[in-house]
Structures are given as structure tokens and as C-alpha cells.
Amino acid sequence: EQASGEDFTSVFAGWVYQAHYPRFGVSWSEETLPDGVRARVEFSDDQGIETPLELFIELVDGTLERRKIRVGPGKTSHEFLVPSRVRSIRPNPRHDAAVWSRSATAGDQDFDQEVDGFDLIQCARAIGKSSDFTGEVGDGILGIDLDFDPRCDVDENGVLDDADLKPTFEAFGTLRKDAR
């Protein structure tokens with residue numbers, strides 16, 4: 001708190017004194033303005049405890065903008081002015097160990113709010129992976145496959161199978177409202 005000048009009372013309440021594991025749904029929109037693009041990101045948090053996050057805002061030209069925010073209980077929104085159109089907005093992937101975040105668009109794995117071949121490929125190549133401890137020495141810590149992608153595990157059973165691809169197939173071709 002001294003170094004940042006910010007009050008972390010609610011953060012400590014959730015992360016130190018309670019078992020807090022936030023579950024965020026993430027959606028965003030953009031509006032072209034004369035001096036850039038206004039990006040608005042919305043979070044829905046079913047845990048109800050304030051959580052600090054760093055956002056990755058990827059622009060269509062590949063530029064990555066980073067913004068620090070706090071997500072509060074219920075629904076939280078933040079607006080940012082960025083220099084060009086947005087490709088995707090997501091929490092920093094380093095938060096994945098402590099924060100469950102998913103696109104609010106079912107089947108969207110890369111947070112671009114579209115369900116396309118990129119989403120399908122990401123999960124299809126992971127079919128058969130498991131988060132379970134195998135008891136064998138493997139590529140990951142204690143034999144756990146580090147290539148397991150929990151975002152693809154739609155039913156959250158620890159195994160990536162055909163049932164997990166079903167929402168992606170059903171939503172395939174879903175485009176943003178402002179798609180070009």
C-alpha cells in the first residue's frame with residue numbers, strides 16, 4: 001500500500017482472509033472516435049470480491065496495450081481510449097493461475113468475441129489432454145501436462161474431450177456486431 005499509494009483492504013480480505021477464486025466473464029465493445037477508439041470492457045464476477053487485474057488490449061495492428069484495473073463485485077466496466085481498432089481484450093495470461101476468466105461469448109477462446117477457426121484449432125489440438133496427476137514423470141510439474149488448457153474444458157471435468165468442443169461447434173461463425 002505504501003509503494004502504490006492504493007488501499008488494498010478489500011484485496012487482502014479476499015485473498016488473505018478468505019478463499020477467493022474469482023470467476024470472470026469478459027465482454028467488450030468499441031466505438032470509433034475522431035481521436036482514436038474508445039474500448040469498453042465489462043466483467044461479471046460471481047464471487048463479489050474486488051480483484052486487481054492487468055488487461056491486455058491487443059489492437060488490430062498487433063500492438064499490445066496494458067491497463068491496470070480493479071474488478072468489483074457483480075458487473076464492472078472500464079473504458080479506455082486506444083489509438084486504433086481492437087482485436088481482443090483479456091486479463092493478462094499470467095493471472096490464469098489465480099483468476100478464472102472466460103469470454104462472455106460461448107466458444108470464444110481468444111477473447112476476440114468471435115467463434116472462428118482460431119478457437120476451434122486451439123481446443124481441437126488439445127483433445128485428450130488431462131489436468132489430472134498421472135503419477136508419471138512427464139513434461140510438466142509432477143507429471144501434469146502443462147499443455148492442458150482449462151479454457152477448453154467447458155464442463156470443467158479435467159479432461160478435454162469431444163463434449164468440450166460442442167459449444168464451439170454450435171457457436172461457430174459467431175461474429176462481433178461490428179465485424180468488418
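# Close-up views of a predicted model

**View 1. Valine 26 stands opposite phenylalanine 43 in E2, in a part of this predicted model where strands E1 and E2 form a hairpin.** Strand E1, spanning residues 23-33, and strand E2, spanning residues 36-45, run antiparallel and are joined by ten bridges, with two residues lying between the two strands of the hairpin. E2 also pairs with strand E5, residues 74-82, again in the antiparallel sense and over nine bridges.

**View 2. One aromatic pair is counted in the model.** The pair consists of phenylalanine 24 and phenylalanine 43, whose ring centres lie 5.6 Å apart and whose planes meet at 75°, so the arrangement is edge-to-face. Because phenylalanine 24 belongs to strand E1 and phenylalanine 43 to strand E2, the pair ties together parts that are 19 residues apart in sequence. Are these two residues, phenylalanine 24 and phenylalanine 43, buried or exposed? Both phenylalanine 24 and phenylalanine 43 are buried.

**View 3. The charged end of arginine 23 sits over the ring of tryptophan 100.** The distance from the charged end of arginine 23 to the centre of the tryptophan 100 ring is 4.0 Å.

**View 4. Histidine 78, placed in strand E5, has a side chain with a polar atom 3.0 Å from the backbone oxygen of arginine 70.** When residues up to four places away in sequence are not counted, histidine 78 touches Ala39, Arg40, Val41, Ile69 and Arg70.

**View 5. Helix H2, residues 117-124, has Asp119, Leu120 and Cys123 as buried residues.** These three cover an arc of only 95° around the axis, which puts them on the same side of H2. An α-helix has 3.6 residues a turn, so residues three or four places apart point the same way. The face of H2 that is turned away from this buried side carries Phe118 and Ile121, both of which are exposed. What covers the buried residues of H2 includes helix H3, residues 162-171.

**View 6. In helix H3, the buried residues are Asp164, Leu165, Thr168 and Ala171.** Seen down the axis of H3, these residues fall within an arc of 125°, so they line one face of the helix. On the other side of H3, the exposed residues are Asp162, Phe169 and Glu170. Against which helix do the buried residues of H3 pack? The buried residues of H3 pack against H2, and H3 is in turn part of what covers the buried residues of H2.

**View 7. Alanine 171 is found in helix H3, and glycine 173 comes just after that helix.** With a relative accessible area of 16%, alanine 171 is buried, because this value falls under the 20% limit. Leaving aside its neighbours within four places in sequence, alanine 171 is in contact with Ala106 and Val115. The C-alpha atoms of alanine 171 and valine 115 are separated by 6.2 Å, although the two residues are 56 residues apart along the chain. Just after H3, glycine 173 takes a positive phi of about 95°.

**View 8. Phenylalanine 111 has a positive phi of about 60° although it is not a glycine, and glutamate 156, likewise a residue other than glycine, has a positive phi near 50°.** Phenylalanine 111 is found in the loop between strand E7, residues 100-103, and helix H2, whereas glutamate 156 has its place in the loop between H2 and H3. The relative accessible area of phenylalanine 111 is 1%, and this residue is buried. Glutamate 156, in contrast, counts as partly exposed, because its relative accessibility of 44% lies between the limits of 20% and 50%.

Technical notes: Residues numbered from 1 in each chain as written. Predicted model: local features only at pLDDT ≥ 70, side-chain atom pairs only at ≥ 80, totals over all residues. Heavy atoms only, no water. Buried < 20%, exposed > 50% of the residue type's maximum accessible area, 1.4 Å probe, protein only. Helix = DSSP H or I, 4+ residues; strand = E, 2+ residues; numbered from the N terminus. Arc of directions from axis to C-beta. Contact = heavy atoms within 4.5 Å. Pairing = 2+ DSSP bridges. Polar contact = N/O pair within 3.5 Å; in protein donor to acceptor, adjacent residues only side chain to side chain. Phe/Tyr/Trp six-rings, centres within 6.5 Å; stacked < 30°, edge-to-face > 60°. Lys NZ or Arg CZ within 6 Å of the ring centre and 35° of its normal.
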